[in-house]
Amino acid sequence: MCSLEKRGNIYVLTLTGDDQHRFNPTLLDAISAALHRVRAETIATSSSSALITTAHGKFFSNGYDLDWASKDPNRPKIMSLKLRSVIKDLISLPMPTIAAITGHAAASGVILALSHDYVFMRKDRGFMYMSEMDIGMKVPVWFVKLLRCKIGSPAVWRDVVLRAAKMTAEVAVEKGVIEAACESAEMTVEKAVELGEELVRRRWKGHVYADNRLTVFGDVLSVIEFDETVENVDVSGLSNNVSRL
């Protein structure tokens, strides 16, 4: 599901395997456990650290596991609750966070990436794609709040949400959505590590960093406790294969 490696003061969380890294309880629980370990070790040692999240294979994450969710009416709520818990953990983590997108990121996969402080993306393969319009799903309010928090231009987040625009790395840089487009998957992680090491050298206090990020994400946190899209939702007609990547 995922692995956690420590390189000096840099933690690298990797979604492992060649699948689509769909969010279901198994994967989300594994990510949550990794984040809890990072938090506990950092607090225990009072060290300056940074977190990088990346993935193996063609996909960074292709979003919710809709096949899993369609098997029981309570599953969408469980899936949403666990994702929101992971996002809250990321936002409150006492260190800088960097997403290294090495493949496609769709729907809630985009949300996971943009919940990091910085985003790097490979430019030789992959899109960022909020696919909800194309697959007939409502975008949760908290998704939109997060997109507005991370995308400065109203025209850009309109196109991201209402036109289901697919952004390559170079387009995402042009639109101000990510920091840089990198030559390959390896270079994407390498650039993320370089930034992480630079930030660690600043030796900021972790709790201050977390408090300031909580302020930055205040609009997101004000609505993240509720997801109106999973109340009485029917995902039986949706497929895990309709993201069109």
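User: Why are helix 1 and helix 3 called roughly parallel to each other?

Analyst: In this predicted model, helix 1 (residues 25–45) and helix 3 (residues 75–91) pack at an angle of about 20°, with their axes 10 Å apart. Angles under 35 degrees count as roughly parallel, over 145 as roughly antiparallel, 65 to 115 as roughly perpendicular and the rest as oblique, and helix 1 and helix 3 are therefore roughly parallel. The crossing of helix 1 and helix 3 is left-handed, a term used when the near helix is turned anticlockwise from the far one by less than a right angle.

User: What makes the contact of helix 1 with helix 3, by class?

Analyst: Contact means heavy atoms within 4.5 Å, and on helix 1 the residues include Leu28, Ile31, Leu35 and Arg39, while those on helix 3 include Ile78, Lys82, Val86 and Leu90. By class, this contact of helix 1 with helix 3 has nine nonpolar, two polar and four charged residues.

User: How do you know that helix 3 is roughly parallel to helix 6?

Analyst: Helix 3 and helix 6 (residues 141–150) pack at an angle of about 25°, with their axes 12 Å apart, and that makes helix 3 roughly parallel to helix 6. Their crossing is left-handed.

User: Which residues meet where helix 3 packs with helix 6?

Analyst: Leu83, Arg84 and Ile87 of helix 3 meet Trp142, Phe143 and Leu146 of helix 6, a contact with five nonpolar, no polar and one charged residues.

Residues are numbered from 1 along each chain as its sequence is written. Local features need pLDDT of at least 70, side-chain atom pairs count only at pLDDT 80 or more, and totals for chains, interfaces and linings use all residues, while side-chain values use heavy atoms, with hydrogens and water left out.

Methods. Axes are lines fitted to C-alpha atoms, for helices over the stretch in contact, and angles run from 0 to 180 degrees between N-to-C directions. Helices (H or I, at least four residues) and strands (E, at least two) are DSSP runs, numbered from the N terminus. Ala, Val, Leu, Ile, Met, Phe, Trp, Tyr, Cys and Pro count as nonpolar, Asp, Glu, Lys and Arg as charged, and the others, Gly among them, as polar.
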